[in-house]
Amino acid sequence: MTWRKFSGEIIQAPIIEEVEKAIERETDLGNKLKVCIGTDSQVKGNVTDFATVIVFLREQKGGFMFIQQERTSQKMSIKERMLTEVQKSIDIAYKLCDLLDLYDVDLEVHADINTNPMFKSNQALHEAMGYILSMGFVFKAKPEAFASSYCANKIVQ
């Protein structure tokens, strides 16, 4: 899978190496970091676009993100699509968690799932929350899940 920066620049190194370089660079600059991982998707005709983001928040100093996009023509129910988003976020969170622990960087996994039962995405809330929490990650849903609801959403729109 290809990762890129928001500028469009392709990340050539394995993502774990690029994340470590970013953490070291930001730490050397005196910045305290938090990482938020989220995925969003958009159905366009017969194709579903997924975007997963790794958002680096600098305490009181903005942030930046790395992006991975994927397309599929597989048909999915809304619940299946929401849980696929969560799976993609967990996959990358799991790859990075040891590295983030090593550098004492907090991690949150964000799900683009509405906590209001009036919305269709709410069908997947309990499964997504259970899955993320059972993996030992901090879970955020809408409206606090900005990594998925805003950052990844911007990429798939």
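Helix H3 (residues 125–134) lies across strand E6 (106–111) and E7, at about 155 degrees to E7. Helices (H or I, at least four residues) and strands (E, at least two) are DSSP runs, numbered from the N terminus. Angles run from 0 to 180 degrees between N-to-C directions, with axes fitted to C-alpha atoms, for helices over the stretch in contact. Helix H4 (residues 146–156) packs on the sheet too, touching E1, E3 (33–44), E4, E5 (63–72) and E6, and its direction makes about 50 degrees with that of E3. Contact here means heavy atoms within 4.5 Å.

A word on the model: it is predicted, so local features need pLDDT of at least 70 and side-chain atom pairs pLDDT 80 or more, while totals for chains, interfaces and linings use all residues. Residues count from 1 along each chain as its sequence is written, and side-chain values use heavy atoms, leaving out hydrogens and water.

Now the sheet. It is open, has 7 strands in the order E2-E1-E5-E4-E3-E6-E7, and its pairing is mixed. E2 (10–11) and E7 (138–140) stand at the edges with a single partner strand each, so one side of each has no neighbour in the sheet. Two strands pair if DSSP finds at least two bridges between them. Here are some of the pairings:

| Strands | Sense | Bridges |
|---|---|---|
| E1 (residues 3–5) and E2 | antiparallel | 2 bridges |
| E3 and E6 | parallel | 6 bridges |
| E6 and E7 | parallel | 3 bridges |

Glu 108 in E6 stands opposite Cys 36, and also opposite Val 138 in E7. E6 is largely enclosed by the rest of the structure, because 5 of its 6 residues are buried; that means under 20% relative accessible area, with exposed over 50% and partly exposed in between (1.4 Å probe, protein chains only). Together, E6, H3 and E7 make a right-handed β-α-β unit: with the strands pointing away from the viewer, the path from the first strand over the helix to the second runs clockwise.

Over in strand E4 (residues 47–58) you'll find Thr 48, which counts as buried at 5% relative accessibility. Among the residues Thr 48 touches are Ser 41, Glu 70 and Arg 81.

Terms used:
Lists of a residue's contacts leave out its neighbours within four places in sequence.
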